[in-house]
Amino acid sequence: MKWDIKIIFILSFIISNACQTLQEPPKEKNKDTTLPSPKVETKNSHLTKELRLTYHAVWVAKENFELLKSGSIFGTGNSYEIRLGEGQNILWLRLSSTDRENQSQFPYFYKEENKNPDVSYFVWGSKKCSVLVFPYRDSQLYARWEGIHNGFLLVFETITSQTTDPKELAKDLHQMVLQSLELY
């Protein structure tokens with residue numbers, strides 16, 4: 001009974017945050033007004049956007065992003081697809097989580113059993129995480145960051161069209177996760 005209430009609370013929090021990030025500011029109805037409008041510099045104005053992966057893990061991007069898709073995984077985890085700003089090595093990211101019972105059947109974006117990935121291990125707080133980089137179609141690379149926090153598997157996946165070194169892509173993805181993932 002307590003878990004049902006916690007799950008309902010978490011899902012309502014996620015839905016309300018997703019709805020807030022998708023709302024557009026109201027459009028100006030009449031541009032011929034005599035009052036001057038204040039100029040807003042988009043370079044210096046940072047919107048806070050948060051995506052809750054688990055009760056103890058929140059994605060807080062340091063730069064603006066566009067939420068493309070959100071959903072639930074097995075009713076115990078979350079999944080988001082986001083588009084990041086131009087000028088970066090990583091432009092698209094899928095953030096996902098699930099509990100310990102569903103880790104073995106996790107729905108990865110790309111699952112290739114026949115290709116050997118380039119594997120990198122990184123220190124993540126007091127734990128270790130792994131980044132697997134697979135060759136993808138059309139000289140693209142698919143990278144998957146995986147770590148476990150409080151019994152939840154956290155997965156960050158991306159596909160890059162740039163022909164970067166797999167170790168560099170793994171390092172870039174790990175740095176992005178370190179900068180944007182807040183743990184409680």
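## Salt bridges across the chain

Asp118 and Lys167 pair up through their side chains in a salt bridge, 3.3 Å from N to O. Asp118 sits in strand β6 and Lys167 in helix α2 (residues 166-180), so this pair ties together parts that are 49 residues apart in sequence. Asp118 is partly exposed, at 24% relative accessible area, and Lys167 is partly exposed too, at 41%. Keep in mind that this is a predicted model.

The structure holds three salt bridges. Here they are side by side:

| Pair | N to O distance |
|---|---|
| Asp118 and Lys167 | 3.3 Å |
| Arg83 and Glu66 | 3.9 Å |
| Glu157 and Arg94 | 2.8 Å |

Now for the pair at 2.8 Å, Glu157 and Arg94. The two link distant parts of the chain, with Glu157 in strand β9 (residues 152-160) and Arg94 in strand β5, 63 residues apart. Both Glu157 and Arg94 are buried.

Then there's Arg83 with Glu66, at 3.9 Å. Arg83 belongs to strand β4 (residues 77-84) and Glu66 to strand β3, 17 residues apart. Arg83 counts as partly exposed at 42% relative accessibility, and Glu66 counts as partly exposed at 42%.

What else does Glu66 touch, leaving aside residues up to four places away in sequence? Besides Arg83, the contacts are Glu81 and Ile82.

One more glutamate: Glu112 lies in the loop between β5 (92-99) and β6 (118-124). Glu112 is partly exposed, with a relative accessible area of 24%. From Glu112 to Pro135 is 9.6 Å, C-alpha to C-alpha, and the two are 23 residues apart in sequence.

Methods. Residues are numbered from 1 along each chain as its sequence is written. This is a predicted model: local features need pLDDT of at least 70, side-chain atom pairs count only at pLDDT 80 or more; totals for chains, interfaces and linings use all residues. Side-chain values use heavy atoms; hydrogens and water are left out. Contact means heavy atoms within 4.5 Å. Helices (H or I, at least four residues) and strands (E, at least two) are DSSP runs, numbered from the N terminus. Buried means under 20% relative accessible area, exposed over 50%, partly exposed in between (1.4 Å probe, protein chains only). A salt bridge is a side-chain nitrogen of Lys or Arg within 4 Å of a carboxyl oxygen of Asp or Glu.
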